[in-house]
Structure formats: structure tokens, C-alpha cells
Amino acid sequence: MIEFIKKQDMLDKIMSVADGERYLPHMIDAVNDVPTYICTGEEEKELQNAVSHYDRLEKAVDFYGSKQIPKTVEEMGELLTLLGRVQTGEVNKLDLVGEIADVYNMLDQLCIIFDIEDTVHNMAEYKMLRCINYIEDEK
């Protein structure tokens, strides 16, 4: 099921998350450049026919292929650098969201490249169940 968000609602959310005015113009531009995600009125019908996120991931993999492997390493490095600065307070939420989204998309593309989407999903679920068991054992 596709969820629809009005542009003004998204801009309001960005205003509440943005770190001062430094990021606001870029985020507003991003909102305006992505009508397939955020729409109003009649655009909602067009969005229902839009390509899914998974299809876009596959398109990126088809175009870039194995070049996405070193790109994933690069994106993970950027996230690691940012995470290293979190405790010092040098990191704002918008930067963190952007880097996590980059890594998230790259990891999804790796799963497509190696044809392991279901296996990774199952392993992630197993590891979370194991984590919950550890938590319950600690109580």
C-alpha cells in the first residue's frame, strides 16, 4: 500500500528536523524534485502507477552493476565517520538520516547483486530474535 504525503506536510516535517536554515533550502528543493514520493490531489493517481522503490534499486543495479560494491564501502565509510562524531554533538539529524539512507539503499542493492534478498532478510530476523532472547534472559 502506498502512503501519500502532501508537500506542505513534508515541508513542515523538514522544518522541524532541519538544522537551522543551512539545510532547509536543499531539503525544499529535494521535496520539489521528487513528485513521485510527495504529491497532492490529482498527482496521487499518477503515483499509484509509479515505479516501486525495489524497481528503482534494480534499475540502479542494472546500470551500475558491480560498481555498487565499492560505492557501498564509500557510503559506509561516510556513515562511520559521522557516527564517530555523534557523541561530540557535531552531527545533526538531517546528516545522519541522509547517510543512513545512502547505506540502506546500497545494502539493498548488494542483496540484489548477490541474489540474497530473502536469505539476508531471514538472517536479520533470526539475529533479532536471538537479540530479544538475550534481553529476556537478562531480565
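Which side-chain oxygen reaches to the backbone nitrogen of L94 at the start of α6? A side-chain oxygen of N92 lies within 3.0 Å of that nitrogen. This is a predicted model, in which local features need pLDDT of at least 70 and side-chain atom pairs count only at pLDDT 80 or more, while totals for chains, interfaces and linings use all residues. Residues are numbered from 1 along each chain as its sequence is written, and side-chain values use heavy atoms, with hydrogens and water left out.

**Overall architecture**
- The protein has seven helices and zero strands, where helices are DSSP runs of H or I with at least four residues, strands are runs of E with at least two, and numbering starts from the N terminus.
- Of its 139 residues, 20% count as buried (under 20% relative accessible area, with exposed over 50% and partly exposed in between; 1.4 Å probe, protein chains only).
- Residues 24 or more positions apart account for 69% of the contacts with a separation of 6 or more, a contact being heavy atoms within 4.5 Å.

**Helix α6**
- The 21 residues of α6 (residues 93–113) should span 30 Å at 1.5 Å a residue, and the end C-alpha atoms are 30 Å apart, which agrees; the expected span is 1.5 Å times one less than the number of residues.
- Buried residues of α6 include L94, E99, V103 and M106.
- D115, which follows α6, has a positive phi, near 55 degrees.

**Residue E58**
- E58 is found in helix α4 (residues 53–64) and is partly exposed, with a relative accessible area of 30%.
- The C-alpha atoms of E58 and I113 are separated by 8.8 Å, although these residues are 55 residues apart along the chain.

Key:
A polar contact is a pair of N or O atoms within 3.5 Å; within protein, one must be able to donate a hydrogen and the other to accept it, and residues adjacent in sequence count only if both atoms are side-chain atoms.
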